[in-house]
Amino acid sequence: MNDKPNTGSRRAGLTRELSLELARVTERAAVSAARLRGRGDEKAADQAAVDAMRSELNRLAIRGTVVIGEGERDEAPMLYIGEEVGSGTGPEVDIALDPLEGTTICAKNLPNSLAVIAIAEKGALLNAPDVYMEKIAVGPGYPAGIIDIDASPEDNINAVAKAKGVPVTEIAACILDRPRHSALIEAVRATGAAIRLIGDGDVAGVIDTSAPEETGIDIYMGIGGAPEGVLAASALRCVGGQMQGRLVLDTDEKLARAERMGIADPKKVYSHLEMAHGEVIFAATGVTDGNMIGGVRFMRNYIQTETIVMRSSSKTVREIKARHQDMDKF
């Protein structure tokens, strides 16, 4: 596969070298969080990941602005929305990040906790407020329009089964295990499809649809965080697939916040191409073991990490299994 940057990536400076440097950012955050996994302290694990990610980001030759982050400016020292990172030289980019996707998962040492980041050309990422988002997603290889956020769960499941050429009983949906999804879960089970319920980590849930042969997940459905939706859309932007999302703006305060962030139509359905367009690089490192990525391993003489790095310009997916022998740097 040709991995040569196109003209647009030259302008933005989102090179292969930057994609590999981005892996270092998520590796550092994942290792820092993994030191606290299973210890029941979500805030400490999250803070460790934030500090490590910020430190590595500030080494990169970029002029970056966090557009999807840990919160607002007054919530620092988290990586807040509007924070500027990087060395101050190089391309101007927007950044979506979650230093520890699945804080509860990490605290309980359960599967699919990740350190996640996406870098895109300036203005290429949806500035989503920290609210809920309705989501539906499938991986690559399906006809355009195969899913519809306004269609019934039965219609979406049947459409995927038909396009895949299998009975509905061979389709598996990933859904967050939440009381708000009780009707959705009942409707999906009524079709005969299987469900994999997850406690947290819906970025991983969406990404899992990109490799159903490996993960066993064909479709993601339900309501999760809007910032996580933009991160997941960034991944699908790189590997293909389809995703739709709609912000849940059910209070006046949320509506006002969304308007301040430039959301003109509160009922708009966004495709993944609208949530993340242009040139995008996505990286995720496992904190705990997951369906696609293994977690951090602390060995006697080295630390082992597993990372996925994706580039939209080339559709390249790199799986990096690294041994870090200089453990003092972590």
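Modeller: The chain carries 38 positive and 48 negative side chains, and 5 Å separates the centres of the two sets. Lys and Arg count as positive and Asp and Glu as negative, while His and the chain ends are not counted; each charge is placed at NZ of Lys, CZ of Arg, CG of Asp or CD of Glu. This is a predicted model, in which local features need pLDDT of at least 70 and side-chain atom pairs count only at pLDDT 80 or more, whereas totals for chains, interfaces and linings use all residues. Residues are numbered from 1 along each chain as its sequence is written, and side-chain values use heavy atoms, with hydrogens and water left out.

The chain has 11 helices and 14 strands, where helices (H or I, at least four residues) and strands (E, at least two) are DSSP runs numbered from the N terminus. Its radius of gyration is 19 Å, close to the 20 Å from the globule rule for 330 residues, so the chain is as compact as a globular protein of that length. That radius is taken over C-alpha atoms, and the rule is 2.2 Å times the number of residues to the power 0.38. The C-alpha trace spans about 55 × 45 × 45 Å along its principal axes.

Of the 330 residues, 57% are buried; buried means under 20% relative accessible area, exposed over 50%, and partly exposed in between, with a 1.4 Å probe and protein chains only. The accessible surface is about 14,000 Å², 47% of it belonging to carbon and sulfur atoms. Such areas come from the Shrake-Rupley method with a 1.4 Å probe, and for residues only the protein chains shown count as cover. Contact means heavy atoms within 4.5 Å. Among contacts between residues at least 6 apart in sequence, 69% join residues at least 24 apart.

Two strands pair if DSSP finds at least two bridges between them. At the β7 end, strand β6 (residues 172–176) runs parallel to β7 over 5 bridges, and Ile175 has Leu197 in β7 as its bridge partner.

Further along the order comes strand β5 (residues 132–138), which is largely enclosed by the rest of the structure because 5 of its 7 residues are buried. Strand β5 is antiparallel to strand β8 (residues 219–225), with 7 bridges between them; here Lys135 stands opposite Gly222 of β8. Another 7 bridges join β5 to strand β9 (residues 242–248), also in the antiparallel sense, and Val138 has Gln242 in β9 as its bridge partner. In a regular strand the side chains alternate between the two faces of the sheet.

Asn109 counts as partly exposed because its relative accessibility is 44%. Asn112, in the loop between α4 and β4, has a positive phi of about 80 degrees although it is not a glycine; at 11% relative accessibility Asn112 counts as buried.
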